6 protein chains.
Amino acid sequence: MSRHTVERVKTGIPGLDDLIEGGFPRGTTVLVTGPTGSGKTTFVAQFVYKGAELYDEPGVIVTLEERAQDLRREMMNFGWDVKKYEEEGKIAIIDGVSSAVGLPSEERFALEEGLNIEGFLRYVYRVVKTINARRLVVDSIPSIAIRLREEHNIREVLLKLNTILLEMGVTTILTTEAEDPKRGKLSRYGVEEYVARGVILLDFIEKDVELKRYLLIRKMRETRHSMKKYPFEITEDGVVVYPSGEIY
Amino acid sequence: MSRHTVERVKTGIPGLDDLIEGGFPRGTTVLVTGPTGSGKTTFVAQFVYKGAELYDEPGVIVTLEERAQDLRREMMNFGWDVKKYEEEGKIAIIDGVSSAVGLPSEERFALEEGLNIEGFLRYVYRVVKTINARRLVVDSIPSIAIRLREEHNIREVLLKLNTILLEMGVTTILTTEAEDPKRGKLSRYGVEEYVARGVILLDFIEKDVELKRYLLIRKMRETRHSMKKYPFEITEDGVVVYPSGEIY
Amino acid sequence: MSRHTVERVKTGIPGLDDLIEGGFPRGTTVLVTGPTGSGKTTFVAQFVYKGAELYDEPGVIVTLEERAQDLRREMMNFGWDVKKYEEEGKIAIIDGVSSAVGLPSEERFALEEGLNIEGFLRYVYRVVKTINARRLVVDSIPSIAIRLREEHNIREVLLKLNTILLEMGVTTILTTEAEDPKRGKLSRYGVEEYVARGVILLDFIEKDVELKRYLLIRKMRETRHSMKKYPFEITEDGVVVYPSGEIY
Amino acid sequence: MSRHTVERVKTGIPGLDDLIEGGFPRGTTVLVTGPTGSGKTTFVAQFVYKGAELYDEPGVIVTLEERAQDLRREMMNFGWDVKKYEEEGKIAIIDGVSSAVGLPSEERFALEEGLNIEGFLRYVYRVVKTINARRLVVDSIPSIAIRLREEHNIREVLLKLNTILLEMGVTTILTTEAEDPKRGKLSRYGVEEYVARGVILLDFIEKDVELKRYLLIRKMRETRHSMKKYPFEITEDGVVVYPSGEIY
Amino acid sequence: MSRHTVERVKTGIPGLDDLIEGGFPRGTTVLVTGPTGSGKTTFVAQFVYKGAELYDEPGVIVTLEERAQDLRREMMNFGWDVKKYEEEGKIAIIDGVSSAVGLPSEERFALEEGLNIEGFLRYVYRVVKTINARRLVVDSIPSIAIRLREEHNIREVLLKLNTILLEMGVTTILTTEAEDPKRGKLSRYGVEEYVARGVILLDFIEKDVELKRYLLIRKMRETRHSMKKYPFEITEDGVVVYPSGEIY
Amino acid sequence: MSRHTVERVKTGIPGLDDLIEGGFPRGTTVLVTGPTGSGKTTFVAQFVYKGAELYDEPGVIVTLEERAQDLRREMMNFGWDVKKYEEEGKIAIIDGVSSAVGLPSEERFALEEGLNIEGFLRYVYRVVKTINARRLVVDSIPSIAIRLREEHNIREVLLKLNTILLEMGVTTILTTEAEDPKRGKLSRYGVEEYVARGVILLDFIEKDVELKRYLLIRKMRETRHSMKKYPFEITEDGVVVYPSGEIY
Ligand SMILES: Nc1ncnc2c1ncn2[C@@H]1O[C@H](COP(=O)(O)OP(=O)(O)O)[C@@H](O)[C@H]1O
Ligand SMILES: Nc1ncnc2c1ncn2[C@@H]1O[C@H](COP(=O)(O)OP(=O)(O)O)[C@@H](O)[C@H]1O
Ligand SMILES: Nc1ncnc2c1ncn2[C@@H]1O[C@H](COP(=O)(O)OP(=O)(O)O)[C@@H](O)[C@H]1O
Ligand SMILES: Nc1ncnc2c1ncn2[C@@H]1O[C@H](COP(=O)(O)OP(=O)(O)O)[C@@H](O)[C@H]1O
Ligand SMILES: Nc1ncnc2c1ncn2[C@@H]1O[C@H](COP(=O)(O)OP(=O)(O)O)[C@@H](O)[C@H]1O
Ligand SMILES: Nc1ncnc2c1ncn2[C@@H]1O[C@H](COP(=O)(O)OP(=O)(O)O)[C@@H](O)[C@H]1O
Ligand SMILES: [Mg+2]
Ligand SMILES: [Mg+2]
Ligand SMILES: [Mg+2]
Ligand SMILES: [Mg+2]
Ligand SMILES: [Mg+2]
Ligand SMILES: [Mg+2]
């Protein structure tokens, strides 16, 4: 048997691919976690945008916390012409907010009210097929959990979500919330990190009364990855990781 | 595509605008959080008052914790002639306390008893339209949650609140409570900060058996903001931030 | 508009008034919090006693934790001739203990069994009117909460209590319990401090295996107050604050 | 009015009376708290025994955690001839264990099964009257709470217990459990210390991999008491406090 | 009255008896507590084995966590010929596992299914009488609690268990679990230590990335015992305490 | 009686056997615990793979968290030709994921839907017998607990699981999750470690903003084992322990 080699998906985050043998394993599910404002949404939007722009991989964003229009504006603020790729059918944004708050959606893709996890996955699958997506992001797990009223058996839902996504073959990023990762709790429900195949932590560290951003690859199956805390910034072009920088 | 630029709303807090590219993004929702006495109510009242006084932007204050008359007196104590602007239709204070405690309100604007979140938003919308408000503050989230008996699904309520407020187009500040932010918990329910588009923390730090105030911008979407802890004071003219000061 | 000035109520605690612009704002509600034995009851009893003795302001004490007779004896132990002022109609002590434990009260003023918050407030109001009280203390919030079986919606009860007391126009002190204020929790239910208009913490600090008392003004609306930890003592004449002392 | 002076009850603990103006205030209720093995039972048994032996004050011990015979043997182990005083009607031990475990009691005084707090207090009252007791100890509060199935409204039960005991006029010590007093939690239910009129903490401190005992008077109403941590020992004659010793 | 002297039971643990006036008080109940792998089972098995081997005191082991055969093999691994003493009727092992997991027991002594605390105690009593046991160990309290479905009123069950065992006159060791004793919690339910008459803690301390074992006598009624942390080891002959060693 | 000697099972983890007298006791149940990404799955897969490859011991893997195909690919990524051994009937992978998420399984061995603990054990037993397995791993306990809906009485389920596995005679590793072992909590439910006969912790320690892996043998019955924290790595050949390395 020749040693199995893993195909890599470029993340589109400058500085990151080198830390993980060239990118995420194709078809895997990665969790991006961190406190509020740590850069999770920017990270996952960049993953999809750069996939379309640089690597010709269509991608789907399910936005459950922000309105599609806000996300779009934020992306444009980084100089990313997301509308162009939406028109070209390279990017699809699924509006998961409107129906949740009882408003009609003006988006092309939008979740209906009253979905369960199967219905949610069926809709996502259809959009993935529509644009032949290779990348998918779901922002965020707590928002799904609450929207689907599935907080009580979150682990089962995540196992189902994760498994079906793996079956779809897309490379997926899920986000979750970690209030205070220094105390060991990496996620809101304390189980998300066990279900995902990779875990990337975005966090702050305080130095001289100033918060500094760092990124840590906590887990990446099938990958010899760095385990250092790397400084990163959110620049006017998006997330940039500094593999040779020091956070202290 | 030309890079999207974000219109800024001046906060009316001396020293703050420079830390956030000139002000809050127009139409955004910001959370102001901190322990008791940290200055949240002063901050949000000043945002509305200075909006009317300096920038000709009418504003609405929903007060759910203090009687309108107490808030008014506090504002006058800072030399702010709030009554004048109320008479001119530039400021509206919505009394959210009277009906909650079973007293008749003597205020022009007052919430009724037995509201749900939709009724609450409808009333706020009507007042916003009445004075053509560009600014809105709701003081505070825990008080709404309890008043609307919505503590159990606070996240959904906040998503709805936040989304509808964004649809209204006003620039909004919500307040919440953070008992001990040093331990990573930024808000009473642990979810407010994820729903809001910006988060400003007002807090105390102890130095030589004396408490010092500081302000930290924890999150501000679409904004390159500072991440330092800045000293601030509540002077006889209200909140003042010292961008070049040191808290230690 | 001339800047609004706030009338001040002398506290009767030596050393304190200078730290808060001359006294509590007239008509306000202040929370005194701290662990057991920190001096809360002494503080509030002194506020009422000195009000009657020095400032000719009648006052009411609602005692829900100690029998009226014990409180009276404690006060006499500080050389305060409380009975004289009771006879003169300058001080009224409301016995909130007897009915709670199923004993008949021998006091002139006593709460009945089976009260709700409205009934409680009605009774207090009547006594306040009877002696034309300007000062009121309720010792303590947890005892009311339990007596009225209102622990589950304590925040609403406090809002009601606080608002009605403000309407009465008396200057009020409420007490609550804080087991370990160093950890950020300032009160038993974690909400008392948000409802009150002022918060004074009485606490201990350990120095050389000895506990030292300190006082900290955590919040005082409409007031430029000190934020230092001041040493205080319970002397044979009651509470004395040392504004120029050091707790370390 | 001449300053009220408080009659003092000698505790029978060598070294302690000097720290509290000569003894407990006559007729008060004191809480002795601490972790397991800290000496609570020895302390309270000594209080009753020495009361009978040295001060001619009869006393009652309600033992709810240990069998009367075990307690008696422990006391005899300190050279205290408890049986003699029992025969002389100076000490009464109420067996609160037998009925709780479904065994017939061979003791003269024993609680019945299925008591409520009123029944409990009635029985105690009768025994107090029988021997004209001036001292009473109840070891321990958690055992009563569980025996009377009153853990859910412990605060009310304690208020009742405390008030009725004060009415009886005996000087009482109650014990409770504090797993880790260093963290601020002084009692099992977090309320016992607020209801009692005095609080004495017995605890351990670690020094050079050895535990040392210390005693701290946390509260004593009507008393100018020390607030230092004093070393104490359990010697072959019982508890001895060293007012001039150092715990470090 | 001549001072009462307490008969001592040799523990069979080298180095321990000297620290506790020669052994456990005859007929007492001792709690051995600590985290997993700290040596609790070895300690209690040795107590029974050495009782039979060296002091001619028959003993009973109730094993609720490990199969009798595993315990037996572990004991034999320390060179203890437990089978010989079982055949001689000096040691009885009660299988508390088989019925709990729905397997038939091949042991001579085994608990039945569906027992309550009375049934449990009756069976234990019968076996104690059968071999005239002077020593008894029950390994462990959490296993009984769960097996008897008595976790909710564990304190009452322990009081009953403890009292009946004291009535039996055997010297008993109970074990329980303490995840992290450094934080003050000495037992799983936080009540076991209060009910037992003695408490011995077996624990680990980390020194230079290596865990070291130590033993601490936290409580031993009727005994002047050491309060130091002593190093101990599990050697190929069982538990050995080093009274003159240092854990650091 | 000659001292009983324990047969040892080689773990297949380089560096580990020497720390535990040559391997796991034959027929024992070991718990491998640690946070996400600590190497638990790699460790247990290696145990089974190396058992088949090097020691001719067939083995069964029950995978409840990852799809069989993912696990297989991960193993192949370490150069382990798992398919070959599956074809030879030396390794069996039981798919515990498909039915849990409602997908048909394409695996030869797969759990059915709606199992209880007995059904689960019966199926595992059948597969063990089918390939005459000597080794078994179940990855992971939380996944079983949730799948069998047995979180509420996890301890009983574990006792049953553990006992039946011991009866089967296979040497078993179970995995569980420990978010932050430094705080003393070794497992998700806080009970797994008490039921298992051995406990191995895989964890991270931070040194110079980099995470380092270490392994600690917390418990191993019938074994004189090291209690040091050893550095280990996940290399391209799997887990390697460095018995002479230093983690600092
Ligand atoms: N143009 C920009 N320049 C610099 N930083 C920005 C810019 N836009 C946003 N940010 C930063 O990004 C943060 C929001 O990141 P986001 O991805 O929404 O975080 P999360 O999803 O983790 O809450 C803002 O708080 C701000 O610090
Ligand atoms: N005139 C004043 N001068 C200085 N400080 C003041 C003045 N008025 C109020 N403050 C300060 O403001 C605090 C109250 O701030 P507030 O905005 O009500 O806080 P929050 O809403 O966070 O509880 C008071 O505790 C006091 O410290
Ligand atoms: N005459 C006195 N001299 C000095 N200290 C006293 C005197 N009387 C009471 N104290 C102190 O006051 C404390 C009780 O204060 P109190 O106001 O009842 O506290 P709290 O209500 O916060 O429990 C006692 O514990 C004691 O330390
Ligand atoms: N004769 C004695 N000599 C010295 N210390 C003793 C003696 N008898 C008991 N002790 C100590 O007293 C402790 C028990 O004290 P006790 O009053 O029962 O504590 P608590 O009631 O707080 O659990 C024992 O653990 C032991 O340390
Ligand atoms: N022969 C032996 N030599 C040295 N140590 C041993 C031996 N047998 C067992 N041990 C140690 O004893 C521990 C198990 O002790 P045990 O009494 O079962 O602990 P507990 O009951 O507290 O979980 C093992 O983890 C191991 O460290
Ligand atoms: N080929 C490899 N080289 C180095 N490290 C690897 C390799 N494959 C996986 N890893 C490491 O193994 C980790 C996953 O280990 P795993 O056994 O799945 O952990 P757990 O089951 O404890 O979550 C990855 O996060 C990565 O750090
Ligand atoms: Mg986000
Ligand atoms: Mg406020
Ligand atoms: Mg008090
Ligand atoms: Mg005791
Ligand atoms: Mg054990
Ligand atoms: Mg795993």
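A polar contact, as I use the term here, is a pair of N or O atoms within 3.5 Å; within protein, one must be able to donate a hydrogen and the other to accept it, and residues adjacent in sequence count only if both atoms are side-chain atoms.

**Ground rules.** I am working on a predicted model, where local features need pLDDT of at least 70 and side-chain atom pairs count only at pLDDT 80 or more, while totals for chains, interfaces and linings use all residues. Residues are numbered from 1 along each chain as its sequence is written, chains are lettered from A and ligands numbered from 1 in the order in which they are written, and side-chain values use heavy atoms, with hydrogens and water left out.

**Entry 1, ligand 2.** I looked up where ligand 2 sits, and found it between chains B and C. I call a residue near the ligand if one of its heavy atoms lies within 4 Å of it. On that basis 20 residues surround ligand 2, and the closest are B:Gly37, B:Lys40, B:Thr42, B:Arg213 and C:His225.

Next I went through some polar contacts. From chain C, the side chain of C:His225 puts an N or O atom 2.5 Å from an oxygen atom of ligand 2. From chain B, B:Thr41 has a polar side-chain atom 2.8 Å from an oxygen atom of the ligand, and a polar backbone atom of B:Ile234 is 3.3 Å from a nitrogen atom of ligand 2. How much of ligand 2 does the protein bury? I get 95% of the 580 Å² that ligand 2 exposes when taken alone (Shrake-Rupley method, 1.4 Å probe).

I then sorted the shell by element, with helices (H or I, at least four residues) and strands (E, at least two) taken as DSSP runs numbered from the N terminus. Two or more residues come from each of helix 1 (40-55) and strand 11 (229-235) of chain B and strand 10 (210-220) of chain C. Helix 1 of chain B gives the most, with three residues. By type, I note four nonpolar, 10 polar and six charged residues in this shell. For that tally Ala, Val, Leu, Ile, Met, Phe, Trp, Tyr, Cys and Pro are nonpolar, Asp, Glu, Lys and Arg are charged, and the others, Gly among them, are polar.

I found ligand 6 between chains A and F. Its shell holds 20 residues, the closest being A:His225, F:Lys40, F:Thr41, F:Thr42 and F:Arg213. I noted a nitrogen atom of ligand 6 at 3.4 Å from a polar backbone atom of A:Thr223, and an oxygen atom of the ligand at 3.2 Å from a polar backbone atom of F:Ser38. A polar side-chain atom of F:Asn77 is 3.4 Å from a nitrogen atom of ligand 6. The protein covers 95% of the 580 Å² that ligand 6 has on its own. Helix 1 of chain F gives the most to this shell, with three residues.

Is helix 7 of chain C mostly covered or mostly open? I count 13 of its 15 residues as buried (under 20% relative accessible area, 1.4 Å probe, protein chains only). Just after this helix, C:Gly169 takes a positive phi of about 90°.

I superposed copies by least squares on the C-alpha atoms of residues with pLDDT of at least 70 in both. Chain D goes onto chain E by a rotation of 60° with 0.0 Å of shift along the axis, at RMSD 0.0 Å. That is the relation of a six-fold axis. In chain D, D:Arg183 has the C-alpha nearest the axis, 9.4 Å from it.

Technical notes. Buried < 20%, exposed > 50% of the residue type's maximum accessible area, 1.4 Å probe, protein only.
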